[in-house]
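Welcome, and please have a look at the model shown just below.

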Amino acid sequence: MKDFKIWHIILKGPVRITTTLENGTVIDKKFEHYTDQDFNKIEEQEKALARLTMALSPEIVQGFREYDSAKALWETLIDVYEGNEDMKQSRQDMLRQKFNMFNYVLGETLEAQLQRFITLTTEMSSAGI
């Protein structure tokens with residue numbers, strides 16, 4: 001099931017609960033003045049962070065405990081596991097080289113070779129090649 005509210009929170013970031021004073025100044029709303037709608041927004045933000053952390057393995061999530069918003073966690077995961085543009089280019093170059101050097105391995109079955117090829121082409125597709 002897709003929950004588009006959750007993805008919106010992950011991609012756009014947490015919503016600040018604010019109020020506007022009579023002079024037009026916007027300030028953070030005091031907790032005791034929160035409405036049910038404000039609490040729902042906070043609950044959705046917590047759900048987004050929980051879903052994202054539950055999708056990670058326990059070994060991985062240990063390294064990202066300090067993040068308290070789904071957006072911050074998501075952006076960090078992208079940086080760590082996809083890397084910057086230089087790392088992406090390096091990965092693409094490596095995959096192209098692997099593809100160009102793809103060959104039969106002595107003693108390998110046709111099924112194993114086909115599986116290696118499918119894995120390689122899937123990785124290339126994921127890398128934008």
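At what angle do H2 and H4 pack, and how far apart are their axes? In this predicted model, the angle between H2 and H4 is about 30 degrees, and their axes are 8 Å apart. Angles under 35 degrees count as roughly parallel, so H2 and H4 are roughly parallel to each other.

**H2 with H4**
- On the H2 side, the residues in this contact are Ala48, Leu49, Leu52 and Thr53, and they meet Ala70, Leu73 and Trp74 in H4.
- By class, the contact of H2 with H4 holds six nonpolar residues, one polar residue and no charged ones.

**H1 with H4**
- Helix H1 spans residues 4-12 and helix H4 spans residues 70-82; their axes come within 6 Å and cross at roughly 70 degrees.
- Angles of 65 to 115 degrees count as roughly perpendicular, and H1 and H4 are therefore roughly perpendicular to each other.
- The crossing of H1 and H4 is right-handed.
- From H1, the contact draws on Trp7, Ile9, Ile10, Leu11 and Lys12, while H4 brings Ala70, Lys71 and Trp74.
- Six nonpolar and two charged residues make up the contact of H1 with H4, with no polar ones.

**H1 with H2**
- H1 also packs against helix H2 (residues 36-54), at an angle of about 85 degrees and with the axes 9 Å apart.
- That angle makes H1 roughly perpendicular to H2.
- Lys5, Ile6, Ile9 and Ile10 of H1 are in contact with a set from H2 made up of Glu44, Gln45, Lys47, Ala48, Arg51 and Leu52.
- The contact of H1 with H2 counts five nonpolar, one polar and four charged residues.

**The largest pocket**
- The largest pocket holds about 250 Å³ of space.
- Its lining consists of Val80, Tyr81, Glu82, Gly83, Met87, Lys88, Arg91, Gln92, Ser126 and Ala127.
- Helix H5 (85-100) and H4 each supply at least two residues of this lining, and H5 gives the largest share, four residues.
- Sorted by class, the lining of the largest pocket has four nonpolar, three polar and three charged residues.

Methods: Residues numbered from 1 in each chain as written. Predicted model: local features only at pLDDT ≥ 70, side-chain atom pairs only at ≥ 80, totals over all residues. Heavy atoms only, no water. Axes fitted to C-alpha atoms, helices over the stretch in contact; angles between N-to-C directions. Parallel < 35°, antiparallel > 145°, perpendicular 65-115°, else oblique. Left-handed = near helix turned anticlockwise from the far one by under 90°. Contact = heavy atoms within 4.5 Å. Nonpolar A, V, L, I, M, F, W, Y, C, P; charged D, E, K, R; others polar. 1 Å grid on protein atoms, 1.4 Å probe; cavity = no way out; pocket = protein on both sides within 12 Å on 5 of 7 lines; lining within 4 Å. Points joined across faces, edges and corners; volume = space filled by probe spheres on them.
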